[in-house]
Amino acid sequence: MGRKLIELSSNLLLVAFILYIVASFVFAISVTGKRWGKRDEQAHKQRFGSIGFGITIVAVLAHASYIITRWIGQGHIPTSNMFEFIAFLAFSIAVAFVIIYLVYRVPILGAFAIPVVFIMIAYASVFPRTVTPLIPALQSYWLKIHVTTAAAGEGIFAVGFAAGLMYLVRTIDQSKNSRSRRWLEGTLTLVLMLVGFIITSVVFNAMDYKAEFELNIDNTKSVVEYKMPAIAGPQNAVLLSDSAMKPWFDAPGWMKGLNAAKKLNTVIWSVLSGLGLYVLLRLLFRKRLGQLLQPALSDLDPEMIDEISYRAIAIGYPVFTLGALIFAMIWAAEAWGRFWGWDPKEVWALITWLFYTAYLHLRLSKGWIGEKSAWLAVLGFIVVMVTLVFVNLVIVGLHSYAQVG
Amino acid sequence: MNNVKCECGHANPVGTVLCEACGNPLLEEIKQGDSPLDMRYEGAARRSQTYNKSIIDKVWNFFSSVKIAVYMIVIVLVASIVGTIFPQEVYIPVPKPASIFYEETYGFIGKIYYLLGFHNLFSSWWYVLLLLMIGISLVVCSLDRMIPLYKALKKQKVKHSINFLTRQRLKAEVSVPAEWGSKLDQLQGFLKKRRYDVRREGDSLLAEKGRFSRWGPYINHIGLIIFLIGALMRLVPGYYLDQYVWVKDGETKKVPETPYYVKSEGFTIDFYEKEDLPEGAGLDNLQGVIKQYQTKAVLYENVNAGLPGSEPKLQEVARHDIIVNHPLKYNDLQLFQSGQRPKAIAALNMTLVNEKTGDKIGKFKIDLYNPQSEYKINDTTTIKMLEYYPDFEFTKDKKPTTKSPNPDNPAFVLNVISPQTPNGEKAWLFLGSYLPAPGTENIFGYEFSMPDLTNITGLMVRKDKSLPVIYFGCFISMLGLVMGFYWQHRRIWIQTERSLVYVAGHTNKNWFGLKNEVLDVFKKASIPVSLVEHGKDGKKVD
Ligand code: HEM
């Protein structure tokens, strides 16, 4: 029973994943394809917008069914390891998009926000999908409430991020070499690096690639297993697997810890594959990424996108405050007898919150609207991702989730 | 106080930018232009914008500035990021002093980190000072704005100056339509249906809704202040207790700094079994995955606690199976499941023997948690315990010491006093071995039998009287956030001057919503309007 449900849940997630991809294409076509046929442009936009939205709704339902079936199958809510949490975050981004879309009805928003959703699902799939038994500290309904509300807040911020990025693509002058233009290319390349990370992980995983290193830490021998070819190997390590690629260089000496070099290697792969993708796209289209995307947004009112981005953040801020700070404090008080302990995850929740606080104050009092505000919206979600990726995987705190396999 | 008189006759306090009654700009430079008016705080007179002479003014203005507030917030933010690069001192994974740990583990950067105090950032004086300053700023900035804003919103009249209406971000001018009187009644009806509060004066009206949401940010700030006060309250003696007790199975122990005693009726560890998870969930090896720690605890109160020198008289007051996330609570005392030593050695069972003859002289038991200073073996022989190191190690200069109060590696110095050794015979005793004093040959030796094992539970003892204040602050803060973000203050002015109808709208958020609303009511009343929307910077948008 349990096993069947969990298999079913995996399939449902796959269905949702595919539907999200289809939906983003339809949303993109609703704007870019309007000059194709003889149909009236407005009618075309509306029609494809509605189709895209319909597909999104089905995808969200499939995604929700994934959560429910896995929940029943394993007996606890699927938010307790990295795979489950990120898949859940993807769900809340999708729901947030649906809400914002219902207010503003801007189809092209779907072409930016929904890719964030499926990239997240793909990213989740890089982590092991095994059911994780709950350790005692995680067995609390406050934890569930905390994790789900925090994810909901972050999901809404993600829509603010997508709209902020749209604003930048729409308004930054592509004909002049400016700092904004370079930063925009950089930001888009950063997204490509995440995509690159996912692709390389999936490919090497499918190839079942393994390279084992034996190394000496504090006079005890241990073995590290790389799942990607080692560009950076651990210092003073012996490669045990014969067929595996020899490292090009050793990780620097200050990177201590069993998995430090492996993490560095993963980062190198992400950066290289992201850059590779970037070069490929440039060769293919002979345009900067910003330039490539800009026409899709040309008939959109910038003030409208600015407002969508701000609105998303304004809606998300109270949710995030409640979930990531207040519920977290209540849970921490129940679990450890202190509502705040300054462990890295707590501090990063505070950092995220302070960042958005600064965003709101700057917007309100210094009139940071438009481009500045859009940059902050983009940066804000990068802070969220840093919390999720960097803090969880690198600065391992009290309630860190599972490690990359 | 010199008042500033507006053309409309209303006397405004010094420093007012837009007349409280009719909204007309009072300053000549603003009156002249045609860019949209800055509607922040309704152009009310704020102390910080009006006075800047005395020291008090300057301090006030410093703390009421949002710019300064953002700086402080950003400094706290950046410092916090730095504070998570390396673990804080309390989270150092190995028992080493911070002065050594950071340099040894992270090299030069670690040393700098330690020297700058980042290893203890969150209780460092400057970090706490910044938080306090943000707190002060919260109070000052709220007072500076909330009171004038409140007064200004209360004093606004229905009719406004034309200069005010034509310089709103959202506006339209229509020539007076036919049957304007009844149309205006209709408009009023539609606006009321949309839950606007409508005030009417002849052919003009002011529709307003959601004014309360303007107080949201201030209520949020008040909540944050309450929160900060709660956090500071822990510094008051008696408001915060942070203690720890280790209790063996069946043992009753005093809860430090309280009149209570706690008994453990048994500590257990549950492990996950195969049945707990769906088969084939991908987990073949559940070996040793812990499901729950549990202490059956009973809490007693010492009813004699108030009588000095009297024996404790215990009365049961609470009983609870403590598991992680479910502490025992009694009044404001909380006991949390926090540590465990399953099957720990509780007592050593020893026999004193004569090394030469092998004769067993007598048995004795050393309770590692409660060692006696003297053990009587028989009528003529006693053992004195001279030293006890529960967690033995050598210091750098080779002196014996104990790492912790927990009996993880117990060591003793024993002295046997007997007819053969009237002056005593000393020996070191470790787990499973003993060592005579150097250069002597001992008469007595020790035999070890199976030690007593027991489960020991570690209970964290907490009392935090500030918690209700903290939660109350959170609640108020959330209330303010919800008010401020999920509602907006919207106003629509419709004013008739001779042959023209002036329409203007203002909201503190969500212009999109306001615009749709204005368009909708005019459409319903079949009055064509073309709304003009100015961007904040005066750029035309639509
Ligand atoms: C961690 C501390 C703070 C938090 C979380 C916070 C939060 C907020 C929030 C959520 C808003 C509403 C923003 C919006 O409507 O878009 C706001 C508004 C505001 N905050 Fe803060 N704030 C903080 C500190 C401060 C400080 C120190 C000041 C002092 C200068 C300040 C001054 C203001 C002002 C003047 C407003 C605008 C109120 C209005 O006109 O509607 N805030 N704050």
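Begin by selecting the place where the two chains touch: 61 residues of chain B and 66 residues of chain A take part in the contact, where contact means heavy atoms within 4.5 Å. The model you are viewing is predicted, and local features need pLDDT of at least 70, side-chain atom pairs count only at pLDDT 80 or more, while totals for chains, interfaces and linings use all residues. Residues are numbered from 1 along each chain as its sequence is written, chains are lettered from A in the order in which they are written, and side-chain values use heavy atoms, with hydrogens and water left out.

Staying at this interface, chain B and chain A bury about 5200 Å² between them, 66% of it on carbon and sulfur atoms; buried area is the accessible area (1.4 Å probe) that two parts lose on being put together, summed over both.

Next, select B:Lys329 and A:Glu334, whose side chains meet in a salt bridge at 3.0 Å, N to O, a term that stands for a side-chain nitrogen of Lys or Arg within 4 Å of a carboxyl oxygen of Asp or Glu. Across the interface of chain B and chain A, the rule finds 1 salt bridge.

Now colour the side of chain B that touches chain A by class, and you will find 36 nonpolar, 12 polar and 13 charged residues; here Ala, Val, Leu, Ile, Met, Phe, Trp, Tyr, Cys and Pro count as nonpolar, Asp, Glu, Lys and Arg as charged, and the others, Gly among them, as polar.
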